[in-house]
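Open your viewer and get ready to click through a few selections with me. At each stop I will tell you what to pick and what is there.

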Amino acid sequence: MGSERMPGKVLRELSGIPSLVHIFKILSGAKLLDDFVVVTTTLYEDDSIEQVCKENNVRCYRGSVHDVLDRFRIAAEEEKPDNIIRVTGDDPLMDPEIIDKVIREHIDGGFDYSSNMIERTFPRGMDTEAIKYETLEHTWKTTADKDDREHVTLYIRRHPEKYKMHSVIRTGEPLDHIRLCLDTEEDFKLISEIYDNIYEGKVITLDKVLTLLDEKP
């Protein structure tokens, strides 16, 4: 809730529903996810996030404000997944099929780390990372760097020589020039327009967004 550029953005309403709840629906639509949890801070202002999680039967783990990597460790040690799929709480237009694509290629290739952010061919706002549990654990034990701890997978991406990494690429033309993340008031206006135009109670696919942007540039 304490975003510097847009405080409270994760609970801003889109078509009358908090952005974070839209993300819950998106994750529920990903066929290759076994489950999902929220990791947030122990700050008082994030009590509202935990409350929304309780209302939607989503488990919520809380930890350090700046050491986000340690927050992931806390959740991972409790949940014990083989692979951790990381998405952020400011992407209410993620497409479940893209999440599944990252997971499928990650598991099929036996990679330590897979992401559609290494080489950007998807719009911003579709960011998905897949990390082996052992890889996250190794990162947590290895680096004490402040930036590495805050950005969770930065150490992995800084050291491709240490890990088996995979870049997930979009079929067709790159769309990295399109911005669909929720980080500023301008982003919120755009995403609100998209939701108001095409949201019908179901998860919005990227194809529908692209069609709308073509029709109403």
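**Stop 1: a pocket**

Select Asp-95, Glu-97, Ile-98, Lys-101, Phe-122, Arg-170, Thr-171, Thr-205, Leu-206 and Asp-207, which line the second largest pocket. A pocket is an open set of points on a 1 Å grid over the protein atoms alone, with protein on both sides within 12 Å along at least five of seven lines, and lining residues have an atom within 4 Å of a point. H4 and H9 are the elements that give two or more residues to this lining; H4 has the largest share, three residues. Helices (H or I, at least four residues) and strands (E, at least two) are DSSP runs, numbered from the N terminus. The volume is about 220 Å³, meaning the space filled by probe spheres set on the points, with grid points joined across faces, edges and corners.

Before going on, note that this is a predicted model, where local features need pLDDT of at least 70, side-chain atom pairs count only at pLDDT 80 or more, and totals for chains, interfaces and linings use all residues. Residues are numbered from 1 along each chain as its sequence is written, and side-chain values use heavy atoms, leaving out hydrogens and water.

**Stop 2: the nonpolar core**

Now select Phe-24, Leu-93, Ile-99 and Leu-180, the residues with the most contacts inside the largest nonpolar core, which has 44 residues. Such a core is a set of buried Ala, Val, Leu, Ile, Met, Phe, Trp, Tyr and Cys residues joined through side-chain atoms within 4.5 Å. Buried means under 20% relative accessible area, exposed over 50%, and partly exposed in between (1.4 Å probe, protein chains only). H1 gives the most to this core, with six residues. Apart from it lies another core, of 13 residues, including Tyr-133 and Leu-136.

**Stop 3: helix H5**

Which residues of helix H5 (residues 133-142) are buried? Select Tyr-133, Thr-135, Leu-136 and Thr-139 to see them. They lie on the same side of H5, because they cover an arc of only 165° around the axis, taken from the directions from the helix axis to the C-beta atoms. On the other side of H5, Glu-134 and Lys-141 are exposed.

**Stop 4: a cavity**

Finally, select His-22, Lys-25 and Ile-26, which are among the residues that line the largest cavity. A cavity is a set of grid points where a 1.4 Å probe fits but cannot get out. About 50 Å³ of space lies in the largest cavity. Helix H1 (residues 19-28) gives the most to its lining, with three residues.
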